[in-house]
Amino acid sequence: MRELKCPNCGSVFSVDEADYAAIVSQVKNTEFQQELNRRVAELHEKQQAELENKELKAKQDYERQLGAKVVELSKKDAEIARLTEQVSSAVQAERLKFNQELAVKDTEINKLKAQTKQQEQLVQVAVLQEQNKAKDDIQAKDAVIAELRSQMAAEKNAALQREQSQKERYEQELRQKQELVDYYKDLKTRLSTKMVGETLEAHCSTQFNSMMRPVFPHAYFEKDNDASGGSKGDFIFRDYEDGFEYVSIMFEMKNEMDTTASKHKNEDFLAKLDKDRNEKKCEYAVLVSLLEPDNELYNSGIVDMSHRYPKMYVIRPQFFIPLITLLVQTSKKSVQLQQELALAKQQSVDVTNFESRLEDFKDKFGRNFRLASDKFAKAIEEIDKSIDHLQKIKANLLGSENNLRLANKNAEDLTIKKLTRGNPTMKKKFDEAREASAGGEEAAQAPDHNLF
């Protein structure tokens with residue numbers, strides 16, 4: 001048992017060890033709660049300050065980089081304006097030069113008209129003189145005409161002989177060509193469908209290596225052997241300038257035997273060619289085809305299929321080299337524009353990546369802030385629960401103290417008189433005990449005469 005003194009009334013009361021430990025724990029929990037609240041408030045203020053500093057720093061970095069980009073764009077706009085002004089000045093100068101040259105030409109034309117008129121007059125005089133002279137020479141010319149007619153007859157006979165000779169020579173060449181055609185027909189009959197296609201591929205490869213390789217020594221022209229996407233083309237052509245790829249072409253070669261039962265059309269292969277071109281990241285797509293040999297559209301020259309698929313062409317093998325040359329020349333003219341476009345795209349990608357990273361940082365920061373806020377709220381909730389629990393313990397302790405006070409009061413008010421009230425037996429016993437106690441005290445106080 002421990003004794004406790006009330007600080008208000010000064011009364012002392014005893015409590016057991018369990019109640020004493022509960023009261024001490026209550027005092028400690030109160031101080032702990034105050035310290036916890038103080039530290040939670042400090043932590044919240046510190047976290048809020050760090051959050052504001054990070055947001056301010058991120059905003060300043062973004063504004064600084066954005067300002068730099070705005071300055072760069074302003075410089076680009078100024079450069080574009082300057083180039084535009086230069087082009088406009090050059091156009092005006094060329095126009096003025098053209099007008100001056102046109103004026104000079106008009107002067108020369110007027111001068112030539114005057115000279116022509118004078119020459120016409122001279123010609124008329126000369127014609128009159130020639131007419132007079134012609135009359136004198138008619139007889140001489142008649143003799144010459146007769147001689148020329150005889151010469152023409154001789155030349156006509158010689159021409160007929162040459163014509164007959166050429167006819168015989170052409171017939172012989174025609175027979176040779178027909179024999180060659182029959183030979184190739186027989187070769188196609190004996191070749192498989194795969195061999196027919198490979199023959200066209202070999203022809204195009206030979207044409208490129210013999211005619212275009214000296215012109216483009218560093219160009220890439222190889223068979224497409226990558227079928228990782230499920231299909232592949234036949235050849236890929238790429239060329240570079242200053243390390244920049246300015247032209248790329250995907251080629252597909254199609255041929256079939258004359259004896260094939262189901263004839264294919266060129267349009268049957270356009271979708272696959274476009275898919276292969278996109279997978280290999282080629283700019284142009286070209287179908288070199290011997291299909292539909294009687295179709296005048298494909299026999300007339302290079303057929304543009306851009307209305308079906310972008311930058312796609314269908315050609316016969318004889319246009320293989322001309323089309324490569326045409327596409328290379330066209331692409332070279334736009335090399336500088338492509339490089340500037342690539343640079344602009346890269347700059348745009350840099351800005352986009354920066355914005356993406358900033359947004360990602362904001363998302364992650366917001367998510368961490370939400371998680372921290374949730375945990376903080378849960379901690380506050382647990383603290384509130386602990387406070388409620390301590391309040392209940394406090395109420396129980398206060399109730400126990402009140403009961404102890406009442407018990408102590410009842411104990412203090414307890415007397416023998418109150419205990420024997422209404423109980424005659426106990427009253428009689430206590431009375432006898434008091435009498436016996438009183439008789440013993442008198443005997444003790446009386447003098448012992450035997451001592452004297």
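1. Strands S4 and S5 run antiparallel and are joined by 7 bridges; strands are DSSP runs of E with at least two residues, helices are runs of H or I with at least four residues, and both are numbered from the N terminus. Two strands count as paired if DSSP finds at least two bridges between them. Across this pair, Arg238 stands opposite Ser248 in S5. The two strands form a hairpin with 2 residues between them, and Asp242 in the turn has a positive phi of about 55°.

2. This is a predicted model, in which local features need pLDDT of at least 70 and side-chain atom pairs count only at pLDDT 80 or more, while totals for chains, interfaces and linings use all residues. Residues are numbered from 1 along each chain as its sequence is written, and side-chain values use heavy atoms, with hydrogens and water left out.

3. S5 also pairs with S6, in the parallel sense, over 6 bridges. Lys254 has Ser289 in S6 as its bridge partner. Because 8 of the 11 residues of S5 are buried, S5 is largely enclosed by the rest of the structure. Buried means under 20% relative accessible area, exposed means over 50%, and partly exposed lies in between (1.4 Å probe, protein chains only).

4. The largest nonpolar core has 26 residues, and Phe237, Phe251 and Phe320 touch the most other members. Such a core is a set of buried Ala, Val, Leu, Ile, Met, Phe, Trp, Tyr and Cys residues joined through side-chain atoms within 4.5 Å. At least two residues each come from helix H2 (193-212), strands S4 (235-241), S5 (244-254), S6 (284-289) and S8 (312-315), and helix H5 (320-333). H5 gives the largest share, 6 residues. Apart from this core lies another of 13 residues, including Met250, Leu270, Met305 and Met312.

5. Neighbours within four places in sequence aside, the contacts of Phe237 (heavy atoms within 4.5 Å) include Phe208, Tyr220, Phe221, Phe251, Ile324 and Val328.

6. On the cysteines, the whole structure holds 0 disulfides, a disulfide being a pair of cysteine sulfur atoms within 2.5 Å. Cys204 counts as buried because its relative accessibility is 0%. Cys282 is also buried, at 7%.

7. For the chain overall, there are 8 helices and 8 strands. Buried residues make up 18% of its 452 residues. Of the contacts with a separation of 6 or more, 61% involve residues 24 or more positions apart.
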